[in-house]
Amino acid sequence: NGLSSKDMPILAPAIKDNGALAKLDLSNNNAGGASASYYARQSPDFIRPIASMLKTNRTIKEINLAGNNLNAEAGRIFSQDIHDNGALASLKINWT
């Protein structure tokens, strides 16, 4: 996809209230960079807008975030924000 942490604040609000979108594939973006230290800095910025959008979006049932080299901080942000989502049935993800 080639998306980075800079793209997420633009993309997430655009799909927040989209009542037709049931599957979202944001896989293999590497959360923006090439080095481990870069990933560590960019992971929260990549995931935060997505997680925030999922707080209120009830139509997305499946999301693929695999291959984004997300770190533990991104995982914490994501899990806190989607805690009360109730609609998400499938999550594909991997952490580095």
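**Figure 1. The largest nonpolar core of the predicted model contains 19 residues.** This model is predicted. The residues with the most contacts inside the core are Leu24, Ile47, Ile50, Met53, Leu54, Leu65 and Phe78. Helix H2 supplies the largest share of the core, namely 6 residues.

**Figure 2. Phenylalanine 78 and its contacts are shown in close-up.** Phenylalanine 78 is one of the residues with the most contacts inside the largest nonpolar core. When residues up to four places away in sequence are not counted, phenylalanine 78 touches Ile47, Ile50, Ala51, Leu54, Leu65 and Leu91. Among these partners, Ile47, Ile50, Leu54 and Leu65 also belong to the residues with the most contacts inside the core.

**Figure 3. Aspartate 81 is a buried residue of helix H3.** Helix H3 covers residues 72-81, and aspartate 81 lies in this helix. Is aspartate 81 buried or exposed? Its relative accessibility is 18%, and a residue under 20% is called buried, so aspartate 81 counts as buried. Neighbours within four places in sequence left aside, the residues in contact with aspartate 81 are Arg48, Ala51, Ser52 and Lys55. Ala51 is also touched by phenylalanine 78.

**Figure 4. Three strands form an open sheet with parallel pairing.** The order of the strands in the sheet is E1-E2-E3. Strand E1 (23-25) and strand E3 (90-92) each have a single partner strand and stand at the edges, so one side of each has no neighbour in the sheet. On average, neighbouring strands of this sheet are turned by 0 degrees against each other, direction ignored.

**Figure 5. Strands E2 and E3 pair in the parallel sense.** Strand E2 consists of residues 62-64, and its pairing with E3 runs over 3 bridges. Glutamate 62 stands opposite serine 90, a residue in E3.

**Figure 6. The whole protein is shown as the setting for the preceding views.** The secondary structure comprises 3 helices and 3 strands. Along the sequence, these elements follow the pattern α-β-α-β-α-β. The protein has 96 residues, of which 42% count as buried. Among contacts with a separation of 6 or more, 81% are between residues 24 or more positions apart.

Conventions:
Residues numbered from 1 in each chain as written. Predicted model: local features only at pLDDT ≥ 70, side-chain atom pairs only at ≥ 80, totals over all residues. Heavy atoms only, no water. Pairing = 2+ DSSP bridges. Helix = DSSP H or I, 4+ residues; strand = E, 2+ residues; numbered from the N terminus. Axes fitted to C-alpha atoms, helices over the stretch in contact; angles between N-to-C directions. Buried < 20%, exposed > 50% of the residue type's maximum accessible area, 1.4 Å probe, protein only. Contact = heavy atoms within 4.5 Å. Core = buried A, V, L, I, M, F, W, Y, C linked by side-chain atoms within 4.5 Å.
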